[in-house]
Amino acid sequence: MMVNTGMRPSEIANLGGDRIQLEGNIPHVQVRPVGRQLKNDVSERDVPLVGVSLEAMRGCPEGFPRYLDKAGLSATVNKYLRENGLSETPRHTLYGLRHSVEDRLLIAGVDERVRRDILGHSLNRQRYGDGGGLPMKLEALQRIAL
């Protein structure tokens with residue numbers, strides 16, 4: 001999920017099936033503060049699904065209930081990666097996938113506003129309009145999709 005969305009592990013773990021939209025023109029997930037607090041106001045957003053991230057959600061259309069509201073997901077995944085030799089270096093972590101999305105979007109020439117809207121980052125200026133909404137985010141993520 002993270003590799004093409006840049007979503008935080010906690011956002012993915014707390015997705016309910018009601019916020020996973022696989023039908024329609026733009027499959028996407030809705031990051032909402034349902035039963036939990038988000039990191040900040042702009043973390044509430046819709047994120048298009050593309051590539052392997054879309055396939056992951058098609059395989060888990062109800063989300064990941066095993067990890068719902070459980071702390072330590074990153075530590076568990078990082079331990080698994082280390083123990084199974086799946087990290088390129090000791091510095092490679094689960095959260096690094098989020099950072100790689102921003103890097104890949106930047107390299108692809110995606111506007112800062114769109115990058116921040118995808119990742120749920122604050123914008124250091126007034127937000128006007130919806131920034132192009134799902135269609136603009138979809139186009140940006142398709143440029144970097146794995």
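Q: What makes H5 and H7 roughly perpendicular to each other?
A: H5 and H7 pack at an angle of about 95°, and the roughly perpendicular class runs from 65 to 115 degrees (under 35 is roughly parallel, over 145 roughly antiparallel, the rest oblique). That's why the pair is called roughly perpendicular. Their axes are 9 Å apart; axes here are lines fitted to C-alpha atoms, for helices over the stretch in contact, with angles from 0 to 180 degrees between N-to-C directions. Helices (H or I, at least four residues) and strands (E, at least two) are DSSP runs, numbered from the N terminus.

A quick word on the model: it is predicted, so local features need pLDDT of at least 70 and side-chain atom pairs count only at pLDDT 80 or more, while totals for chains, interfaces and linings use all residues. Residues are numbered from 1 along each chain as its sequence is written, and side-chain values use heavy atoms, with hydrogens and water left out.

Q: Which residues in H5 and H7 meet?
A: On the H5 side they are Val101, Arg104 and Leu105, and on the H7 side Ala140, Leu141 and Ile144; contact means heavy atoms within 4.5 Å. By class that's 5 nonpolar, no polar and 1 charged (nonpolar: Ala, Val, Leu, Ile, Met, Phe, Trp, Tyr, Cys and Pro; charged: Asp, Glu, Lys and Arg; polar: the others, Gly among them).

Q: What makes Gly6 count as buried?
A: Its relative accessible area is 0%, and buried means under 20% (exposed is over 50%, partly exposed in between, with a 1.4 Å probe and protein chains only). Gly6 sits in the loop between H1 (2-5) and H2 (9-13). Leaving aside residues up to four places away in sequence, Gly6 touches Arg98, Val101 and Leu119. The C-alpha atoms of Gly6 and Arg115 are 9.8 Å apart, though 109 residues separate them along the chain.

Q: How do you know whether Ala13 is buried or exposed?
A: Ala13 has a relative accessible area of 6%, so it's on the buried side of the cut-off. This residue lies in H2. Its contacts, not counting residues up to four places away in sequence, are Phe64, Tyr67, Leu68 and Leu73.

Q: How do you know that S2 and S3 pair?
A: They share 4 bridges in the antiparallel sense, and strands pair if DSSP finds at least two bridges between them. S1 and S2 (residues 28-31) have 2 bridges and also run antiparallel. His28 of S2 stands opposite Gln21, and the bridge partner of His28 in S3 is Pro48.

Q: Why do S1 and S3 stand at the edges?
A: The sheet is open, in the order S1-S2-S3. S1 (20-21) and S3 (45-48) each have a single partner strand, so one side of each lacks a neighbour in the sheet. As for S2, both faces are covered, with His28 and Gln30 buried on one side and Val29 and Val31 on the other. H7 (residues 133-144) lies across S2 and S3, at about 40° to S3.
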